[in-house]
Amino acid sequence: MQQTIKKNVIIFGVGVHLGKPVRVNIKPAPADHGIVFKRLDVDDDKSLIKANFKNILFGELCTTLTNDKGVSVKTVEHLLAAFSGLGISNALVEIDNEEIPILDGSAIKFVNPLVKAGICKQNSPLDLCSVKKTIEVKNKNGWVKFEPSSDLKLTVEIDYPNTCIGKQKFSLKVTEDTFQRELCDNRTFCLKKDIEDMRERGYALGGSLDNAIVVDGFTIKNQKGLRRKDEFVRHKMLDALGDLSLSGLPLLGHYISFCGGHRLNNQLIIKLFSDKSNYENVMAGNDNPHKFVNKNFTSSDQNYSAAI
Ligand SMILES: [Zn+2]
């Protein structure tokens, strides 16, 4: 069944890239609503941005969504991973600025208050999307792909030579339990040598040792060190889970990545839905899964306005 939260969750923080303070109010939402962002600092008629691959705005270093009025919301991936990992299908996320707060750099500070608020089943079945073919996208550094699978599995490998990160590989079958136990508290990271360049380009303005692991060669600059030895690759997996949730429906498939990132993830999900033979929509708990009309729609659709 679809799920939402029992009561509002309010979170304050700073956006990692823009460095601006932001208040987030996550509200319960009705069945078939999906995850929708609402910018409170713009006019009402252009304030809604649905968490869907159709609204991806290609950029760097984070995942950004935009609506057809050009209003966007940045760095959505960790909050989306929290919704996906906890099985929350419907929520309205009100924000008074344009970037979701980074908090401690992981998803744990979204997960804990959402769990505390309570997650409740709704009176509507949850539709799923099953990957039917192997599809892949690559760039000069790495690749990401989907293979058919009866569960959502993630396998992520990274390689940062000449640093304490090195080569790391991690695989996980994603359930609410494994997400909370293995994934949600792994923090984002960067190389110290990249910080100046990022800041010159207007990124990482809110970044600090409180919200990111900073790696300087074979040294970790954060006083308390790592939460896990392979925290880096696990964070990449957390990012992927958030990015893949832009499918709009829970996925059944095996995601595999080598030196992937947000842009490749975004391209993979768009490629998945670009050809109807790549996937099949099925209804959960149905022994004879049947196809149904894909409910992915953009913020400009009439159905969508009615749903809000
Ligand atoms: Zn991240």
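Tutor: Start with a term. Two strands pair if DSSP finds at least two bridges between them. Keep in mind that this is a predicted model.

Now the sheet. It is open and has three strands, in the order β16-β17-β18. The pairing is mixed. Look at the two ends of that order. β16 covers 189-191 and β18 covers 219-220. Both stand at the edges, and each has a single partner strand. One side of each is therefore left without a neighbour in the sheet.

Next, take one pair. Strand β17 spans residues 213-216. β16 and β17 run in the parallel sense, with three bridges between them. I213 in β17 stands opposite F189.

A helix joins the picture here. Helix α4, residues 192-200, packs on the sheet. Helix α4 touches β16 and β17. The direction of α4 makes about 95° with that of β16.

Now step back to the whole protein. There are seven helices and 20 strands. The C-alpha atoms fill a box of roughly 50 × 40 × 35 Å, taken along the principal axes. For 308 residues, a compact globule would have a radius of gyration near 19 Å. This protein has 18 Å, which agrees. Of the 308 residues, 43% count as buried. Last, consider contacts between residues at least 6 apart in sequence: 75% of them join residues at least 24 apart.

Technical notes
Residues numbered from 1 in each chain as written. Predicted model: local features only at pLDDT ≥ 70, side-chain atom pairs only at ≥ 80, totals over all residues. Helix = DSSP H or I, 4+ residues; strand = E, 2+ residues; numbered from the N terminus. Rg over C-alpha atoms; globule rule 2.2 N^0.38 Å. Buried ≥ 20, exposed ≤ 12 C-beta atoms within 10 Å, placed from the backbone. Contact = placed C-beta atoms within 7 Å. Axes fitted to C-alpha atoms, helices over the stretch in contact; angles between N-to-C directions.
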